[in-house]
Amino acid sequence: MIKQKLVLRFPPALVEQPVIYHLVKDYDLMVNILRADINPKKEGRLMLELSGSEANFRQALDWLQEQGLRVMNLKQQITWVEERCTHCGACSVICPSGALALTRPEMKVSFDASKCVICELCLRACPARAMETLLDEVK
Amino acid sequence: MSVQRTFEEINEKIKSGRVVVMTAEEVLDLVEQKGITGAAAAVDVVTTGTFGPMCSSGVFLNFGHSKPRIKMNEVYLNGVPAYAGVAAVDAYLGATALPAADPANRNYPGEFTYGGGHVIEDLVAGKEIELEAFAYGTDCYPLKKIKTVFRLSEINEATLFNPRNAYQNYNVAVNLSDKTIYTYMGVLKPHLGNANYSSAGQLSPLFNDPLLKTIGIGTRIFLGGGIGYVAWHGTQHNPCVERAANGTPLYPAGTLAVIGDLKQMKPCWLRGLSFLGYGATLQVGLGIPIPILNEEIMEYCAVKDEDIFAPVVDYSHAYPNREGGNLGLVNYKQLRSGEISINGTRVPTAPLSSYSGAREIALTLKEWIISGKFLLARPAAPLPSIEAGISLKSLPQRGSE
């Protein structure tokens, strides 16, 4: 079994393809959609968690890439630029998944990328703008 | 009182390397062990710190004269306007100033990615700053416009002058409405979704000298990573609010105007901030040494988060409409725990002021004093305190009489 969070980026021509259907039907994967930005005739992105057998998972990734989708590891999508962080902690009540939190008693901000669901709320809620995303280009 | 010390005696101990300094956090354990008198006898100076957003901040600049000369009438630094209604090549850049082209809240909530606070951070970081200025031209100052670049080291003066810093206590902001609001207290989620506060509590300078018995005009302080001074009481200084038995105010109270040479400050302690839907500002690192002149002063410095209270205020309606009132008082221990209870509802809390930053400032100031490079300055004059009879004025809207 493998379980992994991914970002799928769709070129405009593929946005209307039933990609999820094939992942479930042809590769027997469980799909948990975390977030989707899909618009007709525009580049789309889908953040999801895939789980299933390792062999099916690898074949599905190959198939996705053959279709022209870009597959990225979700963990790398939001980054914490620690040197810009002033450790105020304003993010800690905005982050819905607990990825951003204040450690106590140190009162320092910590970022656990594995908990991040790429909601992107932190990007603008952080007054020091210490959170960055690679996804900006999609907008 | 059995313990008595003067500023001069403390400075002699600093010079001879015998001074004992603790931060306002470290001293709490000592007071626990030795009591007030024991701690007062053992410690000469308690250092404090705070590192929060402080909008009433800015810098006076003198660029030096161009050839030919110009009497600058409009000044822009990296596109951010500075106030030029002073002498020819002087200007004041405020932390909240925004470029004319900033969409502000036209695209609500606005992002305010670059404002005066960010220019100040870039200046201190030694980055090249674009200066654009316009003038009407005079016989003695013929040039009408100039566009150039400079670095902080290349201009005559850069004097940080913050008319209101180091607020002694502040509101805890919540949102009772049914939509998210964007405030200077951060993003507030609807239906008491979060409670944001902004004070270093037990580490905060004015909570450790609540009645301003040692801090006055001329007090030497840590400012923006360098050395600065208390210049005056801050704007909206309101020392006469209700106080707890330990002297700490239950509401926003005293403030400080502070001044210092920007050229010796550090960008990590002067940080440009962008408050979503509100504006740009500056996060200022500020620390004040409290001389333990006697046991009374040590008792003030022994104040703990659980003994300092702040009012919970609704920023969706009561605050913007200046209706007054609050949803109760909570203490800073509760606030710092990450959750408070408001009318029986559990509400997650978040600080806007960096507690770990405040701790680092207090520790840095302690090191400076121990190493002998920072002497305490006896105030030239006291600041207005509880006996001053100050009451905060509001702004009525009326026609001329």
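This is a working chat about two interfaces in a predicted model.

Reader: What should I know about numbering and cut-offs before I start?
Author: Residues count from 1 along each chain as its sequence is written, while chains are lettered from A and ligands numbered from 1 in the order in which they are written. The model is predicted, so local features need pLDDT of at least 70, side-chain atom pairs count only at pLDDT 80 or more, and totals for chains, interfaces and linings use all residues; side-chain values use heavy atoms, with hydrogens and water left out.

Reader: How is chain A divided?
Author: Chain A has domain 1 (2-75) and domain 2 (79-138), with bounds from an automatic or database domain assignment. Their centres, taken over C-alpha atoms, are 26 Å apart.

Reader: How many residues from each domain take part in the contact?
Author: Nine residues come from domain 1 of chain A and 11 residues from domain 2 of chain A, where contact means heavy atoms within 4.5 Å.

Reader: What area do the two domains bury?
Author: About 1000 Å² between them, with 56% of it on carbon and sulfur atoms. Buried area is the accessible area (1.4 Å probe) that two parts lose on being put together, summed over both.

Reader: How many salt bridges between those domains?
Author: Two. A salt bridge here is a side-chain nitrogen of Lys or Arg within 4 Å of a carboxyl oxygen of Asp or Glu.

Reader: Which elements supply the domain 1 side?
Author: β1 (2-10) and β3 (44-52) of chain A each supply at least two residues of the side of domain 1 that touches domain 2. These are strands, meaning DSSP runs of E with at least two residues, numbered from the N terminus. The largest share, three residues, comes from β1(A).

Reader: Switching to the chains. How many residues are in contact there?
Author: 30 residues of chain B are in contact with 23 residues of chain A. The two chains bury about 1900 Å² between them, 51% of it on carbon and sulfur atoms.

Reader: Which strand gives the largest share of the chain B side?
Author: β19(B), with five residues of the side that touches chain A.

Methods. Helices (H or I, at least four residues) and strands (E, at least two) are DSSP runs, numbered from the N terminus.
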